[in-house]
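Here are a few exercises to work through with the viewer open. Try each task yourself before you read its solution.

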Amino acid sequence: MKKPDSSGCKNKLRPSSLTGGGSGLKLLAVFFALIFLTGCASSSLLKAKTDYLQAERLQRSLRQEEATAAYKRTRQEISAVISRKPSGEAYLLKGLTEVNLNLWEEAENSFRLAASLGEDKAQAWAEELRLFGLARSFEAQGWTETSTRLYGILAEKGKYQPVVRASVGRLVDLRLKALVDFSEPLEAAQKEKNKILAEALKMVERAVEQEPACGYYHYLLAQVLAHQKDYNQSLEEAVMAKELGLPSEEIWRDNDLQIIFCYEQLEKSLQPAELTAFRARYNSWVKKWKWPTETTPDWKRS
Amino acid sequence: MAGKKLETFLKQAAGVVQDFFPAGSPVFIPLLYSALVWAVKRKGDLEAEVSGLKLWLEPEIVNNKPDEFILDFFKGDPALTGTFSLELKNREIKSLRQAFRALYPVKGLEEPFLQSLFSEEIAKGDYRLIAAQFDSRLRLALDEIKATEKQLELWPALKDIGENFLSLGWALMAEPELRARLKANLEKNEQTEEEE
């Protein structure tokens with residue numbers, strides 16, 4: 001008794017000439033299918049690229065949630081392209097998308113695969129991501145000095161912008177954390193605190209010099225300057241950060257509250273003559289941002 | 001009439017979302033509330049917003065704010081000044097900083113999910129309880145949301161609710177009024193279900 005084939009159809013005896021013709025047809029079908037799939041893959045790659053650019057545009061306009069959704073969609077599209085036709089370009093795009101979704105390990109892997117398929121620059125990016133991942137795991141295990149050293153190397157010598165920015169951010173956080181945790185007697189503490197702050201300030205200033213239009217660096221600078229009680233300068237940096245754009249709603253709101261905090265501190269400390277000029281300057285920003293009052297940002301409800 | 005319609009809508013919406021969570025889950029009302037607030041704010045992707053929660057809730061910079069910023073935060077809000085008067089009087093920065101970690105995202109940054117998660121405590125002005133339970137309640141809520149990631153139907157369901165909400169025209173209400181009505185209706189629903 002003959003068994004049905006895997007498709008559930010019964011085998012039928014066919015003349016050998018027809019069987020041979022069937023192989024030819026099959027080959028032809030495979031050939032056309034390959035051409036079709038290649039065409040599909042390249043048009044899907046193009047679609048994924050377009051979606052990636054759209055996600056970047058949304059991110060630049062501070063529509064973070066929509067940008068995240070667009071990056072997720074791009075990642076799905078590009079994964080489908082890769083499963084049909086892996087290429088260096090596709091893996092590179094996948095890696096870039098994963099960086100924007102903070103999927104650092106996945107991005108490192110994608111860049112490695114991109115490099116192995118001929119995208120040379122991806123190799124260096126993968127290395128930087130590996131170092132960043134290493135620094136993060138050292139930090140999670142409490143090895144602060146080692147992680148600080150690694151972040152420092154990346155902040156200074158890194159070439160891949162997202163890793164450099166994230167490293168500068170982590171460095172500042174670690175320095176400020178040391179400041180907050182400090183529990184020495186007052187005088188010794190103040191000296192040490194000033195040293196830590198000077199280091200943090202130098203670190204961010206260097207980053208600003210390298211990328212002056214990065215709003216996030218100005219935000220970090222505003223945070224450090226507030227620790228130094230330089231509210232005038234902190235306010236200026238926070239305003240600059242707001243104008244240049246920030247990477248998330250959370251940071252955006254925190255920056256607004258930083259602006260208000262500095263405004264209130266300056267209100268208390270400035271001399272009457274300086275105060276008038278300062279208020280006029282500050283109110284012109286408030287008007288531009290359409291805040292209801294000097295101390296109420298547009299998103300504040302309660 | 002419109003109030004009744006809104007109440008019916010919210011009851012139905014709560015019924016839909018509740019099915020995705022275990023009985024008595026603390027998450028579904030905050031999630032529904034966030035879905036409607038985000039719908040009004042024309043935010044694109046609710047799933048992205050919710051999956052971004054972890055990033056939102058762990059801003060390292062919040063832990064490292066200067067003492068003056070923390071003091072200013074507590075002194076600038078009469079309810080917080082009253083609750084933490086002793087700590088403020090004695091300048092107990094360590095305890096204030098601990099409470100600030102929880103209260104700044106809720107009261108300062110006004111994150112809608114957190115505001116709803118702790119809506120009862122906010123209404124009662126029980127800020128000490130928020131500070132004390134922040135980590136555990138949040139972990140529980142995030143774990144439950146993570147568990148729903150496998151339920152792919154949840155996000156389209158929430159999106160539909162948001163879109164229906166917009167199509168019914170309530171988005172034209174002033175946002176504080178909308179939030180107050182949402183809260184009142186959702187909490188009323190919750191109470192009715194508890195009684196049943």
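Predicted model: local features only at pLDDT ≥ 70, side-chain atom pairs only at ≥ 80, totals over all residues.

**Exercise 1.** Work out in what order the elements of chain B run from the N terminus on.

*Solution.* Start at the N terminus and read along: α-α-α-α-α-α-α-α-α-α-α-α-α-α. Now tally up, and chain B gives you 14 helices and zero strands. Here helices (H or I, at least four residues) and strands (E, at least two) are DSSP runs, numbered from the N terminus.

Residues are numbered from 1 along each chain as its sequence is written, while chains are lettered from A and ligands numbered from 1 in the order in which they are written.

**Exercise 2.** Find out how confident the predictor is in chain B.

*Solution.* Look at pLDDT, the predictor's confidence in each residue, from 0 to 100. Its mean over chain B is 76, and 63% of the residues there reach 70 or more. For the model, ipTM is 0.70 and pTM is 0.70.

**Exercise 3.** Decide whether A:Leu176 is buried or exposed.

*Solution.* First locate A:Leu176 in helix H7 (residues 161-181) of chain A. Next, recall the cut-offs: buried means 20 or more other C-beta atoms within 10 Å of the residue's own, exposed means 12 or fewer, and partly exposed is in between, with C-beta atoms placed from the backbone. A:Leu176 has 23 other C-beta atoms within 10 Å, so it's buried.
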